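Here are my notes on the model you sent over. Have a look at the sequence and structure first, then read through the points.

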Amino acid sequence: MTYRITLVPGDGIGPEVAEAAQRVVEATGLQVEWERHLAGQTALDELGTPLPPATLEAIRSSHATLKGPTATPSGTGFRSVNVELRQKLHLFANYRPARSLPGVPSRYDQVDLIVVRENTEGLYSGLEHEVVPGVVESLRVVTEQASQRIARFAFETARQQGRKRVTCVHKANILKLSDGLFLRTCRKVAEGFPEIAFDDCIIDATAMKLVINPHAFDVMVMENLFGDIVSDLTAGLVGGLGLAPSANVGEGIAVFEAVHGSAPDIAGKGIANPTALMLSAVLMLRYLGEREAADRLENAIRKVFSESKIRTGDLGGRATTREFTEAVLAKLASG
Ligand code: NAI
C-alpha cells in the first residue's frame, strides 16, 4: 500500500530535521507519496497566512502528517499554528512518551512513562480579554466531554501497551470546579478499565515526585498547560528536547511532531538533533499499523546511541544533523 503523508517542514530547524526524518522513513521501504505544505512563519512570509487552507486540507485528507516545529511570536502577532491545528482538526490527545535511550547520559536510567495531554481546551482555549486597562482575564475551560475523551484515550493507550497504572494529574484542591470535574470524570472512566490501577496526584507534588523518582509513574493524564510543562520536564529526564517525540491524535487524523520548537538559536547551521522527529516518525509508523518498519527504525536509532559515539551538540557531541542521519541509515541498512 502507498501512504499519503503530509510533510510540513515548519520554521527554524524544522526543514533540517524534517528532511532527516523523511529520509529514514523512506529507508524503511515504506511506500510513501509525500505532500509538502507550509505552515508557520514560513507560510506567512510566502503565502500571507500562517495556516493556509491547503495545509489544513492536506492534513485532514492524508493518512498521517509529519510536522516540523512552527514558530509563534510571543505576546503579540498571529495565534499559534499548533493550537489552531489541534482545535480546528479536533486533535484532542497529545501523546508524549519519555523513554531513556541507551548511551544518553541523564539523571535516571530506565525511565519509561507516557504523558497524555488534553490538547484542545484549558488555558489554550484562546479566550482572553481585557476587562479594563491593566486587567486581563484568560479563561481556563474544562468540559466533561473533553475530559472523558482524554481519560478514555489514556486508559485505552494503557490497555493497548499493557501498562499498569494511569495517574490523573490536577489541581482540584484549589480549582475545585474545573479540575474537580476533570478528576471526577477520570475516576468514572477508570471504572471501565478494572485491570488498570488508577490514582491521582496534585500537579505541584507531581513535579517534585517526577524529579525524585520518575519510575513511580506509568501513564499520566492531565489538562493542556500542565501537560505542556510536565512533558518538557519528562523530556529533560531522558536527555532533553532533542529526543522527545509526540503525536497529536483525533478521529482518523494524526499529526506527529517533536516536542521541541523551531530552535532559532541553532537554525540553518545543520547541527540540530533530528532524533525527536525521527522518533515521532516511529510513532507515525505504529499509528499506520506498520509495526515492523516502526520497530526497525526505532532499533536503528537506539543502536546509534548504544553502539556509537555519534551525537549532536545538544548531547555534547560534534555530529551534524546529516552525519547523525547517515548513522541511522547505516544501522537500518545493516538490519
Ligand atoms: P525550542 O524548543 O525551540 O528551543 C529550546 C532550546 O532547546 C534551544 O536552546 C534550542 O536550541 C534547543 N533545541 C530544541 N530542539 C533542539 C534540537 N532538535 N536539537 C538541538 N537543540 C534543540 O523552544 P523556544 O526557543 O522556546 O521556542 C522557539 C519557537 O518554537 C517559538 O516560536 C515557539 O513558539 C515555537 N515552538 C513550536 C513548537 C511546535 O511547533 N510544536 C513547540 C514549542 C515551541
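1. The shell around the ligand splits into 9 nonpolar, 8 polar and 4 charged residues (Ala, Val, Leu, Ile, Met, Phe, Trp, Tyr, Cys and Pro count as nonpolar, Asp, Glu, Lys and Arg as charged, and the others, Gly among them, as polar). That makes 21 residues surrounding the ligand, with Thr70, Thr72, Gly261, Ala263 and Asp265 the closest; to be near, a residue needs a heavy atom within 4 Å.

2. Keep in mind that this is a predicted model, where local features need pLDDT of at least 70, side-chain atom pairs count only at pLDDT 80 or more, and totals for chains, interfaces and linings use all residues. Residues are numbered from 1 along each chain as its sequence is written, and side-chain values use heavy atoms, with hydrogens and water left out.

3. A polar side-chain atom of Glu257 is 3.1 Å from a ligand nitrogen.

4. Now to His170, which is found in strand S8 (strands are DSSP runs of E, at least two residues, numbered from the N terminus). His170 counts as buried, at 4% relative accessibility (buried means under 20% relative accessible area, 1.4 Å probe, protein chains only).

5. What does the side chain of His170 reach at 2.9 Å? The backbone nitrogen of Ala172. The His170 side chain also makes a polar contact with that of Asp200, at 2.7 Å (a pair of N or O atoms within 3.5 Å, one able to donate a hydrogen and the other to accept it; residues adjacent in sequence count only if both atoms are side-chain atoms).

Methods: Helices (H or I, at least four residues) and strands (E, at least two) are DSSP runs, numbered from the N terminus. Buried means under 20% relative accessible area, exposed over 50%, partly exposed in between (1.4 Å probe, protein chains only).
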